[in-house]
Amino acid sequence: MDVRVIRYDHPDARKLDAEVQVEYAERYGEGDLTHMDPAHFDPPHGLYLIVYDTDGTPVASGGWRSQERNEEGYEDGDAEIKRMFVVRSARGRGLARRILAALEDSAREAGRVRMVLETGTEQPEAIALYTSSGYAPVTKFGLYRFEESSRCYAKLLTDATGEAGTTDLTDGLTGAPVSP
């Protein structure tokens, strides 16, 4: 498996985003209508990752983008997780957990205080991943904060050891190693 930093408007990112939108529609009746600008994920204010299988096929994605206190309920220093997704054929390999760790490391290094995410009741596997990774329910925020099926979670980005993460990433254009 190869984890790469990719722009959110990269063709592989668009391919995985289309797949996750189909899954959202199957589970909720429509895709995610949240505004997503590729620039939101540009370091140091965000990061977008894709995991590639050994044959070069994109099989998982996830990103974070900076948020500050606003009318949608975000707080200063938030790093919002978006587009966490693993294709069905690659599930059960720990890819989501690997992406999540890399996103947390990156957000922490960028000075973000809290990782936040919104998911829904029709995604019990996502809820299980986040709660088992130390995320706790918080007051709802974002576009879907008034929806009954919406669930919001957060985790403080503190590292008792003071050390950065050790996730290996490569640049999606050059293949060169990069820091999260």
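Tutor: Here is a close look at one strand and its surroundings.

A word on the ground rules: this is a predicted model, in which local features need pLDDT of at least 70 and side-chain atom pairs count only at pLDDT 80 or more, while totals for chains, interfaces and linings use all residues. Residues are numbered from 1 along each chain as its sequence is written, and side-chain values use heavy atoms, with hydrogens and water left out.

The protein has three helices and nine strands (DSSP runs numbered from the N terminus: helices are H or I with at least four residues, strands are E with at least two). Along the sequence they follow the pattern β-α-β-β-β-α-β-α-β-β-β-β.

Our part is strand S4, residues 78-86, which contains Asp-78. Nine of the nine residues of S4 are buried, so the strand is largely enclosed by the rest of the structure (buried means under 20% relative accessible area, exposed over 50%, partly exposed in between, with a 1.4 Å probe and protein chains only). Asp-78 itself has a relative accessible area of 1%. Beyond its neighbours within four places in sequence, Asp-78 is in contact with Arg-65, Ser-66, Gln-67, Arg-112, Arg-114 and Val-116 (contact means heavy atoms within 4.5 Å).

Now the pairing, which requires that DSSP finds at least two bridges between two strands. S3 and S4 run antiparallel over seven bridges, and Trp-64 has Ile-81 of S4 as its bridge partner. S4 and S5 pair in the parallel sense over three bridges, with Ala-79 opposite Met-115 in S5. Together, S4, H2 and S5 form a right-handed β-α-β unit (with the strands pointing away from the viewer, the path from the first strand over the helix to the second runs clockwise).

Next, the nonpolar core (a set of buried Ala, Val, Leu, Ile, Met, Phe, Trp, Tyr and Cys residues joined through side-chain atoms within 4.5 Å). The largest one has 41 residues, and those touching the most other members are Leu-49, Ile-81, Met-84, Leu-103, Met-115, Tyr-130 and Tyr-135. S4, H2 (95-109) and S5 (114-120) are among the elements that each supply at least two residues of this core. Leu-103 has contacts that include Trp-64, Ile-81, Met-84 and Met-115. A second, separate core of five residues includes Tyr-74, Val-116, Cys-152 and Ala-154.
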